[in-house]
Amino acid sequence: MEDRSKTNSPIAKLDLCMVGLILPFLLFLLHDLSTRSGDLPSLLTLHLSLSQTLLFGQSLYVDYFDFAPPLVFELGKIPYLLQQLLGGLFPLRVELYTKYGVFFLLLSSFLTTYYLFRSACRQLASRLAFPLPSEERETLQKALAQIDTSSTSYLLVLAIFTIYERLQFGDVQFLLALTLTPWLVYVWLTGLGLGFNRYLSIALGLAAGIASLLDYPFPVIMLLCTLAALRLNALALSRFAFSSGFLSMVLTLFGALLHYFSLSEEVRHAFEHWVVPLKMLSYQMFDDGINGWDGAPDHKEVFYLACPALMFAAAAALRSSWIASLAMALVGGMLIFLLEKQGFARDLVLAVWANLALLFIFFSSSLSWTLDLIKSRMPSSFGPLIFDLSIRLTLTFSLFFFLNKRFEDAYSEGINPHPLRVIKGLSDINIMVEHNSKWKEAVYILSDYPDPAYPLLFNLERPPGGYLLNGRPARILLALKKTNELKGDMREFYEHVIAQTLQDLDRKKATLILAHGYYLYQFLEEAGLLNSVDENYERIGDTAFLTDNKEPREYLGAYYALTVFKSRAAVK
Amino acid sequence: MNSFIKSKPLEYWIVSAAYVLVLAACLLLALQRVFYWTAHPLFVCSDQSVYLAMAELILAGKIPYRDFFDFNPPLIMYLNVVPIMVARLFHLPPPLALALVVEALHAISILVMAALLYVYRKSVPVLPFLPFLFAYAYFTTLMENDMGQREHLFTFFFMPYFLLRGIRHFGTRPSNWFSIPIGFFCGLLLSLKPQFFFLAFCAELGFLLSSRNWRALISIETLSLLVAPLGYILLFLRLPKEALKVLFEQALPIYQYGTIWSSKCFPHMLCSYDYFIRPFLQLVGSLTIAFLILPTSLGRSRAGAWLSPFIFICLGAMVVYIQGAQAWTYRLLPMALFAQVLLAYEAGLICSAPLLKAFQMWKGFSLLAALAVFGGTAHYANLCIEEYRIVPPDRFDINLEGLGYSGFSPRNDFDETFFSMIENSQPDDKIVHIGSGIRPGYPAQLQAGRPPGSRYLYFMITMIRSAVEVNPKLKDKFAVIEKQVVENLGEDILKNRPNLVYLQDFPVRDALQEHHFVERFLGNYTEIGTVDSTSIYRLTGVKFNYAAFDVWRRAEIAMAVLRKELTAEQAAAKYQLPIDVLNDWVKRAKAGLLRRLSDRTLDREAEMQKEIYDLNDRLFKMNLEKGKLEQELFKLKEKQ
């Protein structure tokens with residue numbers, strides 16, 4: 001028999017939270033996504049642009065280069081396919097299809113987490129109504145208490161996180177965070193012996209499997225988070241191993257493997273012999289240009305917040321493996337930042353999510369403890385409730401408005417930059433590209449990082465005009481060349497880059513070429529490509545990626561200008 | 001004695017012997033490094049060298065800030081008096097004395113922790129702490145540039161204090177014989193930097209959350225901890241007013257706003273070089289393992305209770321490093337150490353269960369394991385010592401006889417500035433180095449044994465300029481400070497007449513040119529060359545054209561004085577030379593004769609080194625040409 005008093009409180013809070021806070025937030029977000037444009041993150045728009053070329057028969061990694069694993073581009077095709085399918089009924093831009101797709105995932109994450117908590121409350125209360133061994137009883141009671149104090153905060157975290165990372169909406173780490181939100185709860189509760197709707201579990205396992213393949217460190221992070229949630233306990237591990245979610249995840253991974261082997265030999269060769277080794281090299285090589293105090297974006301606050309978050313986790317993990325799994329996600333997020341060696345905001349999305357989750361849960365637990373103290377002293381039962389609600393609502397709304405304002409300011413700056421520091425006499429890259437190329441004309445922006453190129457080229461619907469959508473390989477290849485290490489696969493890749501680029505230059509594929517910074521220019525020079533550029537293009541001046549090195553316009557190294565070349569035919 | 005031995009069971013003696021062996025291995029691991037330092041007797045980094053120089057000035061009766069300038073609180077200067085006194089007592093070079101004092105502190109720290117573990121073995125999980133002890137011992141053996149830095153010294157008594165607090169928090173009352181000295185010395189070393197107190201706070205918080213033993217907060221060691229900082233504050237306030245005025249009105253404002261000139265961006269601080277990223281990866285690794293262990297029964301065990309305090313100090317140290325906004329390796333030192341010892345502790349924690357089972361199965365296993373550990377460590381130590389002794393055939397060593405010491409020091413331990421100081425000055429000659437940082441003036445000047453010729457052992461005009469850049473509103477205030485320090489520097493040069501003045505070309509010269517520094521204060525100096533992007537000015541009395549006198553001419557004139565054909569004054573008048581220049585030539589000629597007439601070869605390292613540099617330049621140019629030819633070949637192939 002259920003103990004209704006034990007279930008009613010957390011379920012009531014969850015229902016109230018969903019209806020009173022999450023639903024209005026989702027409606028607000030939907031409106032915001034629908035009415036705003038040009039706010040997709042850089043890497044997402046790069047992946048979408050590349051995915052579009054694949055739909056037109058181009059080969060991944062062979063015709064265009066990027067570091068992301070193949071599955072990312074398969075997902076990137078979905079908005080275009082949806083547009084083809086539903087375009088007649090809903091004539092929307094791909095940008096909107098993408099946003100709505102991610103919104104759907106966000107909504108699913110909310111609903112799944114909500115369902116998991118709700119179902120867990122009922123199941124736990126039901127079990128606790130029966131005689132149990134003392135250790136098991138204690139574990140289940142702690143779990144119920146944890147859900148009671150933390151479930152609504154956990155849901156709110158997803159909302160706050162979405163606003164905080166509004167400019168990374170749809171980025172791979174964002175998607176991972178959306179997946180981990182219900183997944184970690186699922187794993188934790190399944191390890192305790194609870195069961196959930198089979199179809200939902202399968203869908204969740206599918207999402208977890210896909211999410212873990214979106215970037216190279218993700219499988220390890222997913223594995224460690226899952227193990228932490230299961231307390232490395234043999235019983236918990238076995239319960240989870242036989243759950244629908246886990247089996248679905250395994251099947252998904254298997255399916256992804258089969259899909260990989262279905263790719264052409266050329267693509268697989270490129271991925272295994274070029275992309276993966278380059279990515280591993282990228283993890284080991286630091287850009288010497290990232291030096292002075294303004295040489296990279298500053299996101300110290302994430303590490304500062306990680307300190308109290310992990311301290312709280314260290315204290316709470318003894319009693320809750322769910323907290324331990326969140327801490328593991330935070331540590332995983334920090335690891336990604338260390339591996340990427342850049343400092344972009346997109347490298348810290350997972351860390352931000354885990355930070356917020358831990359800090360909100362900590363706050364919620366502290367508030368509950370304070371409330372219990374007040375309850376013991378106040379005769380009225382409404383007093384503590386009012387106190388609780390007012391604190392939570394004040395904090396939530398304050399944070400929401402602050403973060404939303406922050407997003408608004410950043411968005412405006414992204415569309416129409418007015419940084420404090422400007423390179424005199426140079427206009428912004430937005431204006432240069434817009435005035436010197438037409439809709440659907442290819443533009444090639446060579447940069448060590450894709451931010452000057454994307455989302456600009458995606459928003460202006462300029463297809464990619466060259467092989468290196470992400471110019472990072474140029475720096476790596478230059479470094480290998482200098483140390484006489486350009487051999488084997490890397491030599492093959494280098495020759496492929498030159499051949500592709502020469503071909504594109506000779507065909508005048510791009511109307512406009514912009515070369516950013518020292519490395520790319522040197523790369524063109526040393527590869528002998530500048531001659532072809534001179535033959536087919538005319539230098540028309542310089543432009544700047546105007547920014548104060550804040551989202552959404554972040555840069556690395558020095559505040560370089562971009563050299564602009566226009567096709568001689570277009571100049572005439 | 002016999003009855004004592006017989007009163008204890010055999011197991012007791014086996015375990016004790018095993019413990020002694022493990023401790024001996026630990027000490028061996030730590031102390032083998034002494035051989036490295038004896039092979040590098042003059043190696044020291046810039047910060048440590050300047051503190052040693054300041055300690056020498058303190059022993060000469062000088063007062064910090066009033067008589068010599070620095071940004072830092074004075075405790076480190078006074079603590080460095082200890083190695084200076086050791087150096088004077090045993091006639092050692094100060095850098096070697098510093099290294100030996102630090103090694104001694106390290107050994108004491110290990111012994112104290114080992115004693116704590118042994119005495120309180122019933123309440124402390126000894127097995128996981130053994131790898132911890134080894135990791136702690138090993139850490140200092142990796143120190144080179146950061147040997148003796150404040151962060152390094154801090155760890156020597158913070159770790160024993162940490163251990164002691166854990167013992168207290170988890171229910172045992174340590175003896176006052178431990179509590180009082182450990183607390184006091186920890187408090188003394190925490191006073192080196194205010195942020196160290198934050199680390200002590202983090203440790204305390206971690207223990208509290210693990211033990212929930214609030215009564216442990218007030219204890220003998222926490223009270224002893226406060227003695228040194230309180231005494232320090234009182235003594236600090238007793239510094240002369242002029243000294244405090246310089247500190248609060250000049251040093252601190254410049255430091256507060258001016259350190260940005262050397263600041264690095266956030267990713268650079270974490271990921272740029274191996275010595276930054278490795279500690280962070282170790283931190284990530286240790287946290288990963290910790291959060292896997294914590295929810296398990298191992299995490300809830302007596303040994304697992306120590307994980308939270310370790311995590312807390314790791315995170316606290318990370319915050320302290322990031323907050324500094326500088327990519328200086330020594331600032332990362334505490335976090336690097338804490339992450340490594342946490343990893344070691346975790347390894348011990350995981351292995352402790354199977355090891356305990358093995359010990360229970362066979363009592364002799366502990367002694368066997370200890371013997372294996374000792375044997376392995378001894379072998380490692382032997383390899384290290386052999387490596388320190390190896391002199392590669394292409395390595396040049398500097399004979400320290402000219403500096404008044406015996407032995408040799410590898411040439412790589414010195415900057416070029418050191419050699420220019422040796423070549424152009426005598427042991428008692430004062431030198432002033434005006435650069436944008438401490439290096440290369442120090443350590444070169446300390447290594448050369450040349451006293452400072454100004455209150456400014458290093459100059460800070462670039463920091464002042466950075467401060468104005470960051471805060472244009474404070475332009476007037478910093479203009480006043482800049483004028484003051486430039487005037488002080490000039491005044492010191494005019495008053496003390498240092499034999500050599502080093503003036504960095506960029507950006508310092510340009511900054512000082514606005515004050516007409518060279519014209520106003522270096523009128524008695526002649527530029528004689530450059531080294532490490534710095535112009536060298538020698539005291540010549542008037543401006544003098546060295547180029548007018550070639551080596552043979554100088555030898556003729558010097559020999560005339562040495563043969564007593566002329567007095568120095570007569571020679572100076574006859575050949576129209578400044579007397580200081582003539583005296584310098586005579587001194588060097590005499591020293592050169594004596595050196596040449598003794599049974600040694602001349603030092604040709606500089607000539608040979610220059611030859612090597614020239615050859616490398618040629619090789620580089622040829623490689624560039626080769627690269628171009630390869631490109632042309634590639635293009636030809638493509639066309640075909």
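## A buried arginine in chain A

At 8% relative accessibility, A:Arg475 counts as buried. Keep in mind that this is a predicted model. So who does this arginine pair up with? One partner is A:Asp448: the two form a salt bridge, with the closest N and O atoms 3.2 Å apart. That pair links distant parts of the chain, since A:Asp448 sits in the loop between strand 1 and helix 17 of chain A, while A:Arg475 is in helix 18 of chain A, 27 residues apart. Both A:Asp448 and A:Arg475 are buried.

A:Arg475 also forms a salt bridge with A:Asp287, and here the closest N and O atoms are 4.0 Å apart. What about A:Asp287, buried or exposed? A:Asp287 has a relative accessible area of 5%, so it is buried.

## How the domains of chain A meet

Let's step back to the whole chain. From domain 1 of chain A, 49 residues take part in the contact, and domain 2 of chain A supplies 38 residues.

The size of an interface is often given as the accessible area lost when the parts come together. For domain 1 and domain 2 of chain A, about 3,800 Å² is buried between them, with 59% of it on carbon and sulfur atoms. On the domain 1 side of chain A, the residues that lose the most area to domain 2 of chain A are A:Tyr64, A:Phe65 and A:Trp274, which together make up 16% of what that side buries. The rule also finds three salt bridges across the interface of domain 1 and domain 2 of chain A.

A:Glu265 is exposed, because its relative accessible area is 56%, whereas A:Arg268 is buried, because its relative accessible area is 18%.

Compare that with the pair of A:Arg475 in helix 18 (residues 472-482) of chain A and A:Asp287 in the loop between helix 11 and helix 12 (300-316) of chain A, which ties together parts that are 188 residues apart in sequence.

Most residues other than glycine have a negative phi, and most peptide bonds are trans. A few spots here go the other way. The peptide bond from A:Tyr454 to A:Pro455 is cis, with omega near 20°, and A:Pro455 is found in the loop between strand 1 (443-446) and helix 17 (456-459) of chain A. A cis peptide bond also joins A:Glu551 and A:Pro552, with omega about 0°. Where is A:Pro552 found? Look in the loop between strand 3 (537-544) and strand 4 (561-567) of chain A.

Then there are the positive phi values. A:Leu232 is not a glycine, yet has a positive phi of about 50°. A:Leu232 lies in the loop between helix 8 (218-229) and helix 9 (234-241) of chain A, and its 43% relative accessibility means that it counts as partly exposed. In chain B, B:Arg212 has a positive phi near 55°, and its place is in the loop between helix 11 and helix 12 of chain B.

## Over to chain B

The domain assignment of chain B gives domain 1 (19-389), domain 2 (399-597) and domain 3 (604-640). Between domain 2 and domain 3 of chain B, the C-alpha centres lie 38 Å apart.

Chain B also has a nonpolar patch on the surface, formed by B:Trp214, B:Leu217, B:Ile218, B:Leu223, B:Leu226, B:Leu230, B:Ile233 and B:Leu237, with about 860 Å² of accessible area together. One of these, B:Leu217, is found in the loop between helix 11 (195-211) and helix 12 (220-237) of chain B. B:Leu217 counts as partly exposed because its relative accessibility is 30%.

Terms used: Residues are numbered from 1 along each chain as its sequence is written. Chains are lettered from A and ligands numbered from 1 in the order in which they are written. This is a predicted model: local features need pLDDT of at least 70, side-chain atom pairs count only at pLDDT 80 or more; totals for chains, interfaces and linings use all residues. Side-chain values use heavy atoms; hydrogens and water are left out. Patches are made of residues with over 30% relative accessible area and no salt bridge: like charges are joined within 9 Å, nonpolar side chains (Val, Leu, Ile, Met, Phe, Trp, Tyr) within 5 Å. Accessible areas come from the Shrake-Rupley method with a 1.4 Å probe; for residues, only the protein chains shown count as cover. A salt bridge is a side-chain nitrogen of Lys or Arg within 4 Å of a carboxyl oxygen of Asp or Glu. Helices (H or I, at least four residues) and strands (E, at least two) are DSSP runs, numbered from the N terminus. Buried means under 20% relative accessible area, exposed over 50%, partly exposed in between (1.4 Å probe, protein chains only). Contact means heavy atoms within 4.5 Å. Buried area is the accessible area (1.4 Å probe) that two parts lose on being put together, summed over both. Domain bounds come from an automatic or database domain assignment.
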